[in-house]
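I opened this entry to go through the fold and the charged side chains. My notes follow in the order I looked things up.

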Amino acid sequence: MEQHTLYELNEYVRQIIALNLPAPVWVSCEIYQLNLSRGHRYLSLVQKAEGRDDIIAQSDAVLWQGKFRKLERKLSHNLRHLLCEGTAVLLQVRVDFNERYGLKLVVEDIDLTYTMGQLEQQRRATLERLKQEQLLARNRNTLLPLVPQRLAVISSPTAAGLEDFVRQLEQNEYGYRYQVKVFPAAMQGSNAPAEIARQIQHISSLTRSYDAIVIARGGGARLDLAAFDDYELCVTAARCPLPVLTGIGHEIDEVLLDLVAHTALKTPTAVAEFLIDRAARLESQLVEAGHALSRLTQRQFSQQRLQLERWAEVLPLLAARKLQHQAQQIGQLQHMIPPAARQHLRLQQQQLQQFEQILHLLSPEATLKRGYTLTTVNGQPATSAKAAQTGATLTTRFKDGTVKSKVQ
């Protein structure tokens with residue numbers, strides 16, 4: 001049986017790799033882990049199954065400090081933000097196998113356009129998903145107060161954009177006062193989306209304490225803004241019960257967080273100017289309304305004064321005319337009352353005479369003269385036979401005298 005030492009086997013493997021892969025090759029993969037030591041970048045690269053998170057291939061790689069500096073000069077500051085966990089990259093690697101340390105990939109070059117393309121493809125997919133879930137206009141429908149002054153600001157405490165934002169508010173020419181509370185969060189890197197979303201959720205539980213949420217960040221390259229295209233972050237902002245204002249520090253590019261926010265502006269300073277202008281416009285409208293009200297009041301006073309002056313001129317004439325009319329009526333009544341009074345007296349005298357005649361006809365004397373009698377029992381008129389009991393004394397009155405009788 002043929003036998004080899006481990007060193008001999010590894011040397012054989014190295015020779016095969018050197019013969020078959022003598023030149024660097026381009027490899028598409030995802031950065032799974034990244035460690036920094038003495039300026040060198042040690043990477044764990046993976047390939048995941050399409051549409052799933054299952055890892056189907058994995059390898060270690062290294063980007064030496066010298067090569068990193070060369071690539072940094074070539075790619076500018078984008079390189080630092082490109083090399084982060086979870087980023088899809090296209091690397092030119094040289095396959096290196098060492099008998100002692102085993103296989104590793106040495107990074108020679110990086111294709112920035114590939115990563116940008118992957119981010120754009122992912123961005124479009126996220127945008128389509130947000131559209132289907134009808135989240136783009138949801139936060140825009142929340143009510144932004146006429147003058148938002150209680151502001152919850154999510155930003156990095158050391159961000160220059162935050163400092164500009166606060167300074168712009170504090171030094172506004174109108175003297176408006178704003179209450180600013182900073183909720184710290186990373187503004188770039190793999191942790192940024194989760195930290196910002198957590199702060200939005202925390203502020204949402206304090207809805208009555210704030211008028212709006214401001215997400216402020218300084219300027220940066222396109223890769224710096226990848227965190228603001230995160231789906232979960234966009235969903236959290238869209239569903240926030242408070243209006244979300246963004247000033248992420250970009251002049252050209254538009255991140256998805258801008259699309260789901262209530263109001264998107266280019267920079268934190270622009271957000272501050274927006275808030276100040278909003279208050280200034282309202283103040284201007286109130287001042288103009290005050291002037292309009294003053295003008296209307298003066299116009300009303302002038303009209304009422306003219307009306308009063310007219311009435312002052314007309315009232316004496318009306319009073320004189322009224323008095324003259326009343327005097328005429330009194331004169332007419334003076335002529336009418338005596339005849340009417342005499343006529344009334346005559347009518348009353350006639351009625352009295354008629355009543356006297358009636359009373360005379362109905363008197364007992366007149367009744368007796370007509371042949372009737374009046375009988376009383378014990379001084380009371382006898383109106384029925386029951387009153388004439390046996391032994392009772394009846395007094396019967398005639399027209400010419402009275403007769404007493406006793407009932408048997």
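Which kind of contact do the side chains of Arg 167 and Asp 164 make? I note first that the model is predicted. I looked up the pair and found a salt bridge, with 3.1 Å from N to O. Both residues belong to helix H5 (residues 160-170), and because they are three residues apart there, about one helical turn separates them. I read Arg 167 as partly exposed at 34% relative accessible area, and Asp 164 as partly exposed at 31%.

I then checked for linked charges. Within it I looked at Asp 96 and Lys 104, whose closest N and O atoms are 3.1 Å apart. Asp 96 has a relative accessible area of 22% and is partly exposed; for Lys 104 I also noted 22%, again partly exposed. The count of salt bridges in the structure is 12.

Next entry: Asp 211 and Arg 150. Their side chains meet in a salt bridge at 2.9 Å, N to O. Asp 211 sits in the loop between helix H6 (192-204) and strand E8 (212-216), while Arg 150 is in strand E6 (residues 150-155), so the pair ties together parts 61 residues apart in sequence. Is Asp 211 buried or exposed? I have it as buried, at 12% relative accessibility. Arg 150 is partly exposed, at 28%.

I turned to the fold. Five strands make a closed barrel in the order E1-E2-E3-E5-E4, and the pairing is mixed. From one strand to the next the twist averages 50°. Strands E2 (residues 40-48) and E3 (residues 55-63) run antiparallel and are joined by eight bridges. I looked up Leu 45 and found Ser 59 as its bridge partner in E3.

For the helices, I noted that H2 (residues 65-75) lies across E2, E3 and strand E5 (102-110), at about 25° to E5. Helix H4 (residues 112-132) packs on the sheet and touches strand E1 (25-37), strand E4 (88-98) and E5. The direction of H4 makes about 135° with that of E4.

Last, I looked at Ser 44, which is in strand E2. Ser 44 counts as buried because its relative accessibility is 7%, below the 20% cut-off. The side chain of Ser 44 makes a polar contact of 3.1 Å with that of Gln 58. Beyond four places in sequence, Ser 44 touches several residues, among them Glu 30, Tyr 32, Ser 59 and Asp 60.

Notes
Residues are numbered from 1 along each chain as its sequence is written. This is a predicted model: local features need pLDDT of at least 70, side-chain atom pairs count only at pLDDT 80 or more; totals for chains, interfaces and linings use all residues. Side-chain values use heavy atoms; hydrogens and water are left out. Two strands pair if DSSP finds at least two bridges between them. Helices (H or I, at least four residues) and strands (E, at least two) are DSSP runs, numbered from the N terminus. Axes are lines fitted to C-alpha atoms, for helices over the stretch in contact, and angles run from 0 to 180 degrees between N-to-C directions. Contact means heavy atoms within 4.5 Å. Buried means under 20% relative accessible area, exposed over 50%, partly exposed in between (1.4 Å probe, protein chains only). A polar contact is a pair of N or O atoms within 3.5 Å; within protein, one must be able to donate a hydrogen and the other to accept it, and residues adjacent in sequence count only if both atoms are side-chain atoms. A salt bridge is a side-chain nitrogen of Lys or Arg within 4 Å of a carboxyl oxygen of Asp or Glu.
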